[in-house]
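Please look over the sequence and the structure shown here before reading on.

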Amino acid sequence: MIGSTLQPGSRELLQLFAPTRQVYLDTATYGLPPTATLHALVEAAAGWWSGTAAYEEDWEPAGEACRELIAPVLGGDPLRVALMPAVSVAAALVGATLDDRSVVLLPDGEFASLSLPLVAAARLAGAEVRTAPFADLTDAVDGTVTLVATSHVRSNGGATQDLASLAAAAVSVGAQVLVDASHSAGILPLDADRLQIDYVVAAAYKHLLCPRGVAFLHVGEGTRVPPALTASWRGLRPGADFFTTELDDLTDGATGLDVSLAWHPWVGARRSLELLGSIAAVDREAWCVGLATKAAEALGLEPTGSSVLGVPTSDAPQTVKAILSQRSIAAAVRAGEVRISFHVYNTDEHVEAAVDALAPLVKPR
């Protein structure tokens with residue numbers, strides 16, 4: 001375990017990542033792993049290749065370690081964290097709770113991994129789906145809504161949802177809340193239990209710096225999810241027979257929702273989450289959001305309150321990609337926007353590089 005005194009952007013921390021001349025501002029697409037994560041993956045692959053690994057000792061325990069490590073990031077209890085392969089799978093499990101009396105509220109333009117499983121489940125159950133602008137979602141929560149689902153930080157643009165206000169509005173009418181924290185977990189504070197958020201899902205390959213194939217579902221205290229259609233031996237009670245048709249053999253609560261682990265990604269994820277845990281949460285937030293805010297202000301844009309910033313451009317995507325490539329800047333380029341995102345391995349120099357490259361491209365508002 002790395003010590004608990006690492007500072008974001010410091011030379012000591014940067015030495016724990018691969019040296020690169022590239023200005024990497026694309027964590028919102030995928031985060032960069034620390035070297036310890038890469039070494040763990042190589043070791044796991046070598047044990048697989050040679051046939052010398054014992055999965056019960058070398059690989060499987062990584063899931064339990066990750067459950068413990070992620071709980072404080074989400075503001076909840078490890079025993080209410082389910083181990084998932086992707087956000088869409090977790091969202092589908094929540095969708096399985098819908099019936100023909102349910103009314104689901106989503107933000108306009110919500111990312112498909114959260115929205116589509118719920119829309120599909122609503123169609124099967126005969127439930128109603130409504131949408132509202134992201135910034136106005138809280139105002140759209142009324143007494144008929146039974147589930148409101150939203151990203152904490154938007155993938156497109158980086159805007160931040162006011163979860164305290166949204167959760168309070170939902171609690172006041174007895175509605176459940178599902179939050180996708182894929183673009184906030186590890187950066188922004190999220191106190192799921194205090195806010196009484198029923199479900200938090202998070203993909204770990206972005207700002208949590210884990211390998212792809214690792215995700216989490218935190219279930220709020222008192223929130224019950226029926227046995228999952230994805231149930232497997234991973235969710236069985238200790239000592240239960242693997243060859244069973246009894247749902248009562250599953251553990252109670254979130255751990256009974258576990259999906260069989262893709263072992264090697266979880267072995268790597270453990271190291272990434274340990275690294276993040278060695279940096280104080282307040283320091284991670286201040287550094288990453290601070291860099292994004294500096295970039296926004298220098299470009300004449302409104303800060304998003306997150307580590308993600310969408311920079312509007314009028315140039316063709318191919319032109320923008322060419323300009324960024326010439327300057328060795330990695331960012332996500334979509335029609336009308338360059339998405340830049342900052343993490344603990346970014347520095348003030350990276351902000352300056354982004355501003356120099358993007359300032360001539362910013363579309364006037």
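Glu43 lies in helix 2 (residues 35–50), where helices (H or I, at least four residues) and strands (E, at least two) are DSSP runs numbered from the N terminus. With a relative accessible area of 61%, Glu43 is exposed; buried here means under 20% relative accessible area, exposed over 50%, and partly exposed in between (1.4 Å probe, protein chains only). The model is a predicted one, in which local features need pLDDT of at least 70 and side-chain atom pairs count only at pLDDT 80 or more, while totals for chains, interfaces and linings use all residues. Residues are numbered from 1 along each chain as its sequence is written, and side-chain values use heavy atoms, with hydrogens and water left out.

**Surface patches**

Together with Glu56, Glu57 and Asp58, Glu43 forms a negative surface patch, and the largest share of that patch, three residues, comes from helix 3 (residues 55–58). Patches are made of residues with over 30% relative accessible area and no salt bridge, like charges being joined within 9 Å and nonpolar side chains (Val, Leu, Ile, Met, Phe, Trp, Tyr) within 5 Å. Asp and Glu count as negative, and Lys and Arg as positive, whereas His and the chain ends are not counted; the place of a charge is taken as NZ of Lys, CZ of Arg, CG of Asp or CD of Glu.

A nonpolar patch on the surface is formed by Trp233, Phe242 and Phe243, which together have about 400 Å² of accessible area, as given by the Shrake-Rupley method with a 1.4 Å probe and, for residues, only the protein chains shown as cover. Phe243 is placed in the loop between strand 8 and helix 9 (263–277), and this residue counts as exposed at 76% relative accessibility.

**Salt bridges**

Side chains of opposite charge can pair when their charged atoms come close. With a salt bridge taken as a side-chain nitrogen of Lys or Arg within 4 Å of a carboxyl oxygen of Asp or Glu, the count comes to 14 salt bridges.

| Pair | N to O distance |
|---|---|
| Arg101 and Asp99 | 2.9 Å |
| Asp258 and Arg234 | 3.3 Å |
| Glu274 and Arg270 | 3.7 Å |

In the pair of Arg101 and Asp99, Arg101 is exposed, with a relative accessible area of 66%, whereas Asp99 is partly exposed at 27%.

The side chains of Asp258 and Arg234 also meet in a salt bridge. Both Asp258 and Arg234 lie in the loop between strand 8 and helix 9, so the pair ties together parts that are 24 residues apart in sequence. Asp258 is buried, with a relative accessible area of 0%, and Arg234 likewise counts as buried, at 10%. Arg234 and Asp258 are linked with Glu60, Glu64 and Arg67 in a network of salt bridges.

Glu274 and Arg270 are four residues apart in helix 9, and are therefore separated by about one helical turn. Glu274 counts as buried at 11% relative accessibility, while Arg270 is partly exposed, with a relative accessible area of 29%.

**A buried arginine without a salt bridge**

Which side chain of opposite charge is nearest to Arg154? Arg154 is buried yet has no salt bridge, and the nearest such side chain, that of Glu110, is 4.2 Å away. Arg154 is placed in the loop between strand 5 (147–151) and helix 7 (163–173). Not counting residues up to four places away in sequence, Arg154 touches Pro107, Asp108, Gly109, Glu110, Phe134 and Ala159, where contact means heavy atoms within 4.5 Å.

**Other buried and partly exposed positions**

In helix 5 (residues 87–95), the buried residues include Val87, Ala90, Ala91, Leu93, Val94 and Gly95. The cover over the buried residues of helix 5 includes strand 2 (81–84), helix 6 (112–125), strand 5, strand 6 (176–180), strand 7 (199–203) and strand 8.

Phe216 is found in strand 8 (residues 215–219) and counts as buried, at 1% relative accessibility. Phe216 and Gly31 are 185 residues apart in sequence and, C-alpha to C-alpha, 16 Å apart in space.

Arg327 is placed in the loop between helix 11 (317–326) and strand 10 (329–330), and counts as partly exposed at 44% relative accessibility. Leaving aside neighbours within four places in sequence, Arg327 is in contact with Asp356 and Ala357.
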